[in-house]
Number of protein chains: 2
Amino acid sequence: MTGPATPPSGGPSHASADGPPAGGAGAPVLAVDIGGTKLAAALVEPDGRVAAYDRVATPGGADVGAEELWRVLEGLLDTLVSDAGDPPLAGVGTGCGGPMTWPAAEVSPLNIPAWRNGFPLRARLRDRYPGLPVRIHNDAICVAIAEHWLGAGRGRDNVLGMVVSTGVGGGLILGGRLVNGASGNAGHIGHIVVEPDGPPCGCGGRGCLEAVARGPGLVAWARERGWRPQSPEATGVELAADARDGHPVAAAAMRRAGRAIGIAIASATHLCDLEVAAIGGGLSQTGPLLFEPMAEAFREHARMEFARRLRIVPAALGQTAGLVGAAALVFAQDRYWSAG
Amino acid sequence: MTGPATPPSGGPSHASADGPPAGGAGAPVLAVDIGGTKLAAALVEPDGRVAAYDRVATPGGADVGAEELWRVLEGLLDTLVSDAGDPPLAGVGTGCGGPMTWPAAEVSPLNIPAWRNGFPLRARLRDRYPGLPVRIHNDAICVAIAEHWLGAGRGRDNVLGMVVSTGVGGGLILGGRLVNGASGNAGHIGHIVVEPDGPPCGCGGRGCLEAVARGPGLVAWARERGWRPQSPEATGVELAADARDGHPVAAAAMRRAGRAIGIAIASATHLCDLEVAAIGGGLSQTGPLLFEPMAEAFREHARMEFARRLRIVPAALGQTAGLVGAAALVFAQDRYWSAG
């Protein structure tokens, strides 16, 4: 779908590969969100409003080549921008599944076979949009940025943003600024260890939050205990729906996930002294079945006064959060972009 | 003991309560380290060298009042400074056991009964040293600062400093700067949850690293399994000595502590993308009996490439690290002091 293409006001485009936003006052950022199921793009205004939006399914299958995927992405972006009347752009901000080198953003997303062996995404976008700042970060980090910029963490300086879905990812804002760490990989809340002898994790470790609480992990756990989904390809979303409908094993799976998330948040706030943890992603839409055990486990493990002050809240921005956060890499670079 | 009192060169003292170091080029910081067993003080030169040092046992017992403890501290500081020839001072930096309000530093250290109900340490030191910057932080944070400034984390931007002793504390440097968090409490690595159903912790929670790996916790664990210390008041240091001498239960206790520390460091580096974890405190002197299981557990849980790059090293600065870090609150305020 394409939203109404509000023609952004904007002056002439200025070359500014790594400086402040280009395109003149009011120019939008071309925001891109690259995931395993869809490629999404938007024109995002300086106030964070999504003025135009489009998406396509990510071409899947082992026979899709790296260049074929790139051409699909180019087509999506070209159509979006030309439908909007080819406005001058302030820059290009992109969220993409990890891992990636950072800030060079040679990406090798686990869930996109065509690029799994590495694709020079930032270099290609720079060639495609010469003179514009092009900035790329992990997709979960972009969601966390959006929640801090305009969502559930707005106005707070110490915020953890989380995405609980097929994987468990996140981003960390401390002292009002995005934490990148040594290699741009800070924010991997999904790999806080919550059960030292727990299930093996896709990272190669064991007992990580992601191994316990990711949708497919919960589905497998519930199947082993007698949950019979309607569809053979059952996901965490179907499990969550059954939990809401009162299926006891499905509800127990949500409880298991919620408690694991609560423990990981307790560890994170002890280490980082946080004010807000904002929880998004598909599973977070389960509501109290997930949030109540989360709060319960957090209360049991976070007893010191400073830690008890943390507020755990649902993410506020919904499906376009990743695009809004990608735009903030350009619009709010003082807080969210410290690299060249 | 008092070290050789090198008379620091230094110009006239300038009033500068919260600005840059006072006292002119070369003036030392009066550094203070307040703990449950001793009060220590030093004159620390701008290059981090400890030019004069003295300490007294912390007056213990339920009958010691707050003002009595303060007078003992005042006496220690007065003697140190006058023995050094009353040099102009660049400021006063202090590490103190937590908890405390921060940056106001009304302290209420768990292990100092005289001040447990709160003592306005920063206000009192400001009254005592008018016109000088007076800065106070958690004692474990001061150790972490010292290790980043001049020790095992020098030259790295993303460092966790840990103290493993009667408690387990720490401090976090990210992007080259000390992380304070919302209330100055960032760095509580001792309260990362390493065994969700583990032993109760002094913080009120359960299964924290500190509950597992603090000296008294290890002593209790080893006693339950047949370790018979020579002294009835056995500490982690005696346990560590027995472990080195080949006592199997004592060695198993060290292994248990080391693995718990390794798991907590894996969680911390996944969240913060660290380069160095520097481990100090009494128990860290056990050497390989602690560090080998620590490295083993870390390797099992930290498998992603960015996390595997972390180096776990012994702290480099020894007993005076807390004093050196307290001095850095004044000398290197751009990195370690963001408050008023």
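Before the first stop, a term: a salt bridge is a side-chain nitrogen of Lys or Arg within 4 Å of a carboxyl oxygen of Asp or Glu. This is a predicted model, in which local features need pLDDT of at least 70 and side-chain atom pairs count only at pLDDT 80 or more, while totals for chains, interfaces and linings use all residues. Residues are numbered from 1 along each chain as its sequence is written, chains are lettered from A and ligands numbered from 1 in the order in which they are written, and side-chain values use heavy atoms, with hydrogens and water left out.

**Stop 1: where the chains meet**

Select chain A and chain B. How many salt bridges cross their interface? Zero, by our rule.

Helix 7 of chain A gives the most, with six residues. (Helices, H or I with at least four residues, and strands, E with at least two, are DSSP runs numbered from the N terminus.)

The contact takes 38 residues from chain A and 38 from chain B, where contact means heavy atoms within 4.5 Å.

**Stop 2: a sheet in chain A**

Next, show the open sheet of five strands in chain A, with the order 10-9-8-11-12 and mixed pairing. Two strands pair if DSSP finds at least two bridges between them. At the edges sit strand 10 (177–178) and strand 12 (311–314) of chain A, each pairing on one side only. Zoom in on strand 11 (residues 276–280) of chain A: it pairs with strand 12 of chain A in the parallel sense, over four bridges. Click Val276(A), and you'll find its bridge partner in strand 12 is Arg311(A).

**Stop 3: a salt bridge**

Over all chains, the structure holds 20 salt bridges. For one of them, pick Arg156(A) and Glu275(A), whose closest N and O atoms are 3.7 Å apart. Arg156(A) lies in the loop between helix 3 (139–150) and strand 8 (159–164) of chain A, and Glu275(A) in the loop between helix 7 and strand 11 of chain A, so the pair ties together parts 119 residues apart in sequence.
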